[in-house]
Number of protein chains: 2
Amino acid sequence: MEKKLDELKDRLREVEDLQLVSALLNWDQSTYMPPGGAAARGRQMSLVARLGHEKLIDPAVGRLLDDLQPYAEGLDPDSDDAALIRVTRRQYDKSVRVPPRLLAQFNEHGAASYQAWTVARPANDFKAVQPMLEKTLDFSRQLADCFPGYEHIADPLIDYSDEGMKAESVRTLFANLREQLVPLLKEVLSQPVVDDSSVHQFFPEDKQRAFGERVIRDLGYDFNRGRQDKTHHPFMTKFSLGDVRITTRFQEDYLANGLFSTIHESGHAMYEQGIDMKYEASPLAHGTSAGVHESQSRLWENVVGRSRAFWGHYYPGLQELFPEQLGDVSLETFYRAINKVQPSVIRTEADQMTYDLHVMIRFDLELAMLEGSLEVRDLPDAWMARYESDLGITAKDDRDGCLQDVHWFAGPIGGSFQGYTLGNIMAAMFYRQALLAHPEIPAQIGSGEFGTLHGWLTDNIYRHGAKFTANDLVQRVTGGQLTIEPYISYLRGKFLG
Amino acid sequence: MEKKLDELKDRLREVEDLQLVSALLNWDQSTYMPPGGAAARGRQMSLVARLGHEKLIDPAVGRLLDDLQPYAEGLDPDSDDAALIRVTRRQYDKSVRVPPRLLAQFNEHGAASYQAWTVARPANDFKAVQPMLEKTLDFSRQLADCFPGYEHIADPLIDYSDEGMKAESVRTLFANLREQLVPLLKEVLSQPVVDDSSVHQFFPEDKQRAFGERVIRDLGYDFNRGRQDKTHHPFMTKFSLGDVRITTRFQEDYLANGLFSTIHESGHAMYEQGIDMKYEASPLAHGTSAGVHESQSRLWENVVGRSRAFWGHYYPGLQELFPEQLGDVSLETFYRAINKVQPSVIRTEADQMTYDLHVMIRFDLELAMLEGSLEVRDLPDAWMARYESDLGITAKDDRDGCLQDVHWFAGPIGGSFQGYTLGNIMAAMFYRQALLAHPEIPAQIGSGEFGTLHGWLTDNIYRHGAKFTANDLVQRVTGGQLTIEPYISYLRGKFLG
């Protein structure tokens, strides 16, 4: 059995390594590749992806898994070997259900659709991408239909990013959140308007960058096992557990953009950097779901990075760096500026109170399209209507309306957005639990010390990688199921406390 | 037949793409990879290399080549299809002769040996790498022995980088060159000593970089299909014909280092950028040999970049950029400084007159080790003895002696060095031919115009890629065989004219 397990691990290492190589091809494309490299890069990315996929769905992997099943059943379910066999089994079973031809066509379509979007968005031309989006919807349904027996057609798609979650349970959770969030938001908005002009000044990029890198180094992002580069859209990517990179962007007339995007991506990266090295190049060497991943980026960005305690420590240094801009701005004024609540049209720039409303709009529209109750051609209007009803504000055009997010133009319709709000909910649950274990954490944050929090997160979440599903992890860490109460209580305390 | 040819092309595209992906993994390792990424990167590079090799030696490729043979014989030998089948046949026949296990072991040993060298060189510790070098010699012989029937054991190794060249013919050529070069060098050295203090001042890196990039843009290096980054050792690499990158380094106390290394690498890159796009991702989409490649880097670096005409155009701009350093230095003084002839111990820093002596020492020592007339343990002394007899100077230790070049510590012993001098010889032949066709070229260089020369090189050399072997190319371009006369005549004219 040991020999079979070793053979399985060898095969999985190659699958993983090819995925990691794909990630480098993509990183280079977004950071340093000259324009002339685009055509070949697309071809090379799909070749490497295909080779990795072929190695995963190799029938020999299925036979090894079958042979190892009795062995796995005799193991402690919490053991690494049991987890490896369990997680691989799920991935394998999912992967073999999707015909390689469908996958290749969908990927090819995704690349073309992304290209079209990069042109259509600045041109505010929804009509130009509507046929592609219709095809995307069709492909998404075909993909879901590879998993017959689902309760909701979105379930298999949600399962890709948040394994174990279903449309119905997410819908219920989101409905509850909405019910609590909307009156809370009203209450916050009835307060005097916050002056955030202090962060809307000129802040030279090089200084922003130096400050951000100092902060994330303090948080625990390891630059010996990562680096930061600039891209149009910030992201985290990984080429091994020893090489977890982030990207950022800077807006010289708006300090908060670059700074919090840097902290956000470092949260994703610390999760990956914290995975136990023994899982290197195995299916366990990943954050376990989109939601848990987002819980870490949002925890570091918002719960820590937008807290009073945090700025109590960092603000004097920031003032020193930008004496002309911030020398006369009080800590309190700055703190309020970076936490200003104001309905807006762009999700990625939304404040903590309205962010989830953006996410829920997208989640509902995805489901409606998949169900067939919303036609793609009606998406722009539906989008505007929901922004009007939910946020009381609409974008002036589709560019900042239904064309604003890349997700539907690069991957499936379905399963792309729920993770963001699941992440917020889990971040509050995890943070509460960390405070129960270490009540000194807020005081430490106020001294610029993050080791206890980082250590607790590593111990309870990061090191496990994909060993436990999100639901299992929540259960293990908090002793209960997913609940919005800690999140609502956190928001209420922060914005109305 | 068309269908078979298409299938062959499809297979070769994957082989090529995997090689190009390997190149990106390597580029990233040398430019931006954090230290923590090293272990996984080695693993991923060997995986991708192995997959590419497996696809090349797939028996299906052999069958396609067999089936296409009668078709190829009916084609014009100068046609692209005939060339593709011919070049692929040679590569395939060579590749299938080498047992994959030997290749894997040699690659693994090469990586370990390289790592050991990076430690041993700074520590001046030849003994530490001697056993590895002995193993390298053994592997090199095993590799050569995959090709029984050779005249000299180095022949198969030379053939890897300079196809069609043999130890005997190179030896003869080099002996002739030596015979002419040594008295010429003596004559040059009998002249008054050149003062090169002007280039040994402080030159800030950012200005050096800006100047170098302006120069190579003028020469014709296309930044839309490439970019320049910094590495410890400069190199050119390629991820497609649309993405040909170079790297450079700067020495702030020595202007010539960064500048001429930038021009040198841009010469390699212009060769690759100039290959006809119709060969993209095929075995023809490469410079045809190490020698021809080096002819282009050396032509641009030395024949053009170290010429009086060139600096007649660029020197005023350089003075403007560095007024304190060069404001009072005349063009003639500067020109002499960058062309100072002086025997030294480091090959890569050698002047045009002594460079080939460095190369020939290595070539002879390689052959002696392969033949068994020189033991690896005696290499340090043999190295010193040859420098003493050939250049009248010896390094103070092995660090700048036999440990100075990476070649034997990363690849085979044999075939690694002859290309440098073959390149010098061919550069002079090609340049003479270009002048015959376009006598206006030197005047154009004096006006900072390089289009005619670049166009002639593209037309006669670059666009063909690997379609013709070096010998065939020399024949086509110059109408004759490889000869040292143009090179000697060029050196004599430049240094004693």
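A crossing of two helices is called right-handed if the near helix is turned clockwise from the far one by less than a right angle, and left-handed if anticlockwise. The model discussed here is predicted.

Q: What is the handedness of the crossing in which α15(B) passes α16(B)?
A: The crossing of α15(B) with α16(B) is right-handed. Helix α15 of chain B covers residues 355-371 and helix α16 of chain B covers residues 379-391; the two pack at an angle of about 145°, and their axes are 10 Å apart.

Q: Which residues make the contact of α15(B) and α16(B)?
A: From α15(B) come L357(B), I361(B) and L365(B), while α16(B) supplies L379(B), A382(B), W383(B), R386(B), Y387(B), D390(B) and L391(B). By class, eight residues of this contact are nonpolar, none is polar and two are charged.

Q: Why is S30(B) called partly exposed?
A: A residue is buried with 20 or more other C-beta atoms within 10 Å of its own, exposed with 12 or fewer, and partly exposed in between. S30(B) has 16 such atoms within 10 Å and is therefore partly exposed.

Q: Where is S30(B) placed, and in which helix?
A: S30(B) lies in helix α1 of chain B. Neighbours within four places in sequence aside, S30(B) is in contact with T231(B) and T247(B). G415(B) is 385 residues from S30(B) in sequence and 24 Å away in space, taken from C-alpha to C-alpha.

Q: Why are the two copies said to be related as by a two-fold rotation axis?
A: Chain B is superposed on chain A by a rotation of 180° with 0.0 Å of shift along its axis, at an RMSD of 0.0 Å. The two copies are thus related as by a two-fold rotation axis. The same surface serves both copies, since 100% of the contact residues of chain B recur in chain A.

Q: How many residues does the contact take from chain B and from chain A?
A: The contact takes 30 residues from chain B and 30 residues from chain A. On the side of chain B that touches chain A, the elements giving two or more residues are α1 (2-31), α2 (38-56) and β2 (236-240) of chain B. The residues on that side comprise 16 nonpolar, seven polar and seven charged.

Q: Which residues of the largest nonpolar core touch the most other members?
A: Of its 253 residues, these are V21(A), F430(A), V21(B) and F430(B). Not counting residues up to four places away in sequence, V21(B) touches V21(A), L25(A), Q44(A), V48(A) and V48(B).

Technical notes: Residues are numbered from 1 along each chain as its sequence is written. Chains are lettered from A and ligands numbered from 1 in the order in which they are written. This is a predicted model: local features need pLDDT of at least 70, side-chain atom pairs count only at pLDDT 80 or more; totals for chains, interfaces and linings use all residues. Two residues are in contact if their C-beta atoms, placed from the backbone, lie within 7 Å. Helices (H or I, at least four residues) and strands (E, at least two) are DSSP runs, numbered from the N terminus. Ala, Val, Leu, Ile, Met, Phe, Trp, Tyr, Cys and Pro count as nonpolar, Asp, Glu, Lys and Arg as charged, and the others, Gly among them, as polar. Copies are superposed by least squares on the C-alpha atoms of residues with pLDDT of at least 70 in both. A nonpolar core is a set of buried Ala, Val, Leu, Ile, Met, Phe, Trp, Tyr and Cys residues joined through C-beta atoms within 7 Å. Axes are lines fitted to C-alpha atoms, for helices over the stretch in contact, and angles run from 0 to 180 degrees between N-to-C directions.
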